[in-house]
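Subject: Structure handover

Hello,

Here is the structure I promised you. Please open it first, then read my notes below.

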Amino acid sequence: MTNADWPLWEVFVRSRRGLAHTHAGSLHAPDAEMALRNARDLYTRRSEGVSIWVVPSTAVTASSPDEKDPFFEPAADKPYRHPTFYEIPEGVRHL
Amino acid sequence: MTTMAPDTGAQDTAGYEAVFDAAVAAEERIEPRDWMPDAYRATLVRQIAQHAHSEIIGMQPEANWITRAPSLRRKAILMAKVQDEAGHGLYLYSAAETLGTGRDELLDKLHSGRQKYSSIFNYPTLTWADVGAIGWLVDGAAITNQVPLCRCSYGPYARAMVRICKEESFHQRQGYELLLALSRGTEAQHAMAQDAVNRWWWPSLMMFGPPDAESSHSAQSMAWKIKRHSNDELRQRFVDICVPQAASLGLTLPDPDLRWNEERGQHDFGAIDWTEFQEVLRGNGPCNDQRIGQRRRAHEEGAWVREAAAAYAAKHGKATA
C-alpha cells in the first residue's frame with residue numbers, strides 16, 4: 001500500500017461542549033487511529049476542538065449536487081410550515 | 001463532500017454552462033460535484049497546486065534557522081510557524097484533490113519541476129533577521145494576496161483560505177516583532193534588520209506576479225471570480241500598507257523613488273526588475289536546485305515512515321476504506 005492508496009477521511013470537529021461536530025476538512029491516513037492523530041495535528045493546532053470524528057469518505061452517501069433537484073422539491077411549496085405564514089392581530093402577545 | 005467524482009459526461013454542456021455562469025454571477029460558490037468548465041478546473045488545479053507547493057517549500061528557508069534561534073521563545077514560535085506552513089500545504093492539497101487530482105500526482109509534478117512554487121522561496125535566509133523579514137514582508141504580501149481568495153468562487157479553496165488567513169496573521173506579527181527587536185537593538189542588530197529588509201523588499205513586490213498588462217491568466221480568472229483584484233492593484237495596496245509599518249520599525253524601504261502621491265492618494269514606487277523575476281522563475285535563482293533537492297530528499301527519506309504506517313494498518317486490518 002503506497003501513500004496513494006491511503007484512504008481519504010472526512011474530519012468533523014466539536015469546537016466546544018454543547019455544539020455539534022462540524023465538517024473541518026479531509027485528510028489521508030492508513031487507518032482510523034492515524035487519521036485521528038493527523039486530524040488533531042492538522043485541524044486543532046489552536047485548541048479548535050474538544051472532540052474529533054474521522055469517517056472514511058467512501059462511507060458517505062450524498063444527494064445530488066444539483067440544488068434544483070426534485071429530491072428537495074417537496075419542501076419548496078409549503079410556506080405554511082413557517083411561523084411567518086400566519087397573520088396574527090396586532091397586540092396579541094407571547095405567540 | 002470533498003472527493004466525489006464530478007458529474008461529467010453530460011451532452012447538454014451549454015445548459016450546464018449556463019447554470020455554472022449564473023452561480024458565479026450570483027456570488028454562489030461552486031462545489032466539487034458541480035459541473036464546471038474544464039478550463040476552470042484546470043486553472044484551479046494549477047493555482048491551488050502552486051499555492052500548496054509554495055507552503056511546503058516555504059518551510060525550508062525558515063526551518064534553516066530553527067536550531068539557531070536566539071532564544072527558546074523565538075525557537076518555539078518559529079517551530080509553530082513552520083508547522084503551520086505544513087498544515088496550510090495540506091489544506092490546499094485537499095482542496096486540489098476535490099478537483100480530481102491526487103496528492104501523489106501533484107507531488108510528482110513538484111519534484112520533477114512540472115509545477116511551480118512561489119519564486120520568493122528561491123532566495124536564501126542569510127541572517128536571523130531574514131526570519132523577521134519573511135514574516136513581515138513575504139507573509140504580509142501573501143496575506144494581501146490571500147484575503148480576497150477567501151471569497152474565491154470555488155468553495156473548497158475559499159474555505160481553505162479562510163483557515164490559512166486566520167493563521168497567517170500570527171506569522172506576520174511575529175516577524176514584525178522580531179524585526180522591531182533587532183531594529184531597537186545594538187547598531188549591528190539594527191544594520192542586520194535593515195539588510196534583511198533591503199534584500200526581501202523587491203522579491204516581495206514580485207510575489208504579486210507580472211504587471212497586469214503582461215499577466216496571462218488574470219482576465220479569465222477575474223471573470224470566473226477565482227481572482228478578485230489585479231496583480232498591480234494588490235501590489236499597490238501592499239506598498240501603501242508597508243510604508244508606515246516600515247517607519248514604525250525605524251527601517252527604510254530600499255526604493256529611492258518611493259513617495260506619497262497626493263493626487264493619486266497612493267504611493268509611487270520604483271520600477272521592478274522583471275528580468276530578475278523571470279530568471280528566478282526559469283530556475284536560475286540562488287536556491288532553486290537546493291529547494292527541490294531538499295524536498296525530494298525529504299520525500300525519499302520519509303518513505304520508510306509511510307511504509308511502516310501502511311504495514312501496521314494492513315496487519316491490524318484497521319483501514320476501512
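**Notes on chain B**

Chain B has a mean pLDDT of 92, and 95% of its residues reach 70 or more. pLDDT is the predictor's confidence in each residue, from 0 to 100. This is a predicted model: local features need pLDDT of at least 70, side-chain atom pairs count only at pLDDT 80 or more, and totals for chains, interfaces and linings use all residues. Residues are numbered from 1 along each chain as its sequence is written, chains are lettered from A and ligands numbered from 1 in the order in which they are written, and side-chain values use heavy atoms, with hydrogens and water left out.

**Confidence**

The predictor gives the complex an ipTM of 0.84 and a pTM of 0.90. Within chain B, confidence is lowest in H9(B), with a mean of 88. It is highest in helix H8 (residues 187-206) of chain B, at 98. Over residues 1-6 of chain B, pLDDT stays under 50. The model has 20 contacts beyond four places in sequence for those residues. A contact means heavy atoms within 4.5 Å.

**The whole chain**

Chain B has 13 helices and two strands. These are DSSP runs, numbered from the N terminus (helices: H or I, at least four residues; strands: E, at least two). The radius of gyration of chain B is 21 Å, close to the 20 Å that the globule rule gives for 321 residues, so the chain is as compact as a globular protein of that length. That radius is taken over C-alpha atoms, and the rule is 2.2 Å times the number of residues to the power 0.38. Of the 321 residues, 50% count as buried. Buried means under 20% relative accessible area, exposed over 50%, and partly exposed in between (1.4 Å probe, protein chains only).

**Helix H1**

Look next at H1(B), residues 13-25. This helix has 13 residues and reaches 18 Å from its first C-alpha to its last. Which residues of H1(B) are buried? They are Phe20(B), Ala23(B) and Val24(B). Seen down the axis of H1(B), they fall within an arc of 100°, so they line one face of the helix. The arc is that of the directions from the helix axis to the C-beta atoms. These buried residues pack against helix H2 (38-57) and helix H9 (218-223) of chain B. On the other side of H1(B), Ala14(B), Val19(B) and Ala25(B) are exposed. After H1(B) comes Glu27(B), whose phi is positive, near 65°.

Best wishes

Key. The expected span of a helix is 1.5 Å times one less than its number of residues.
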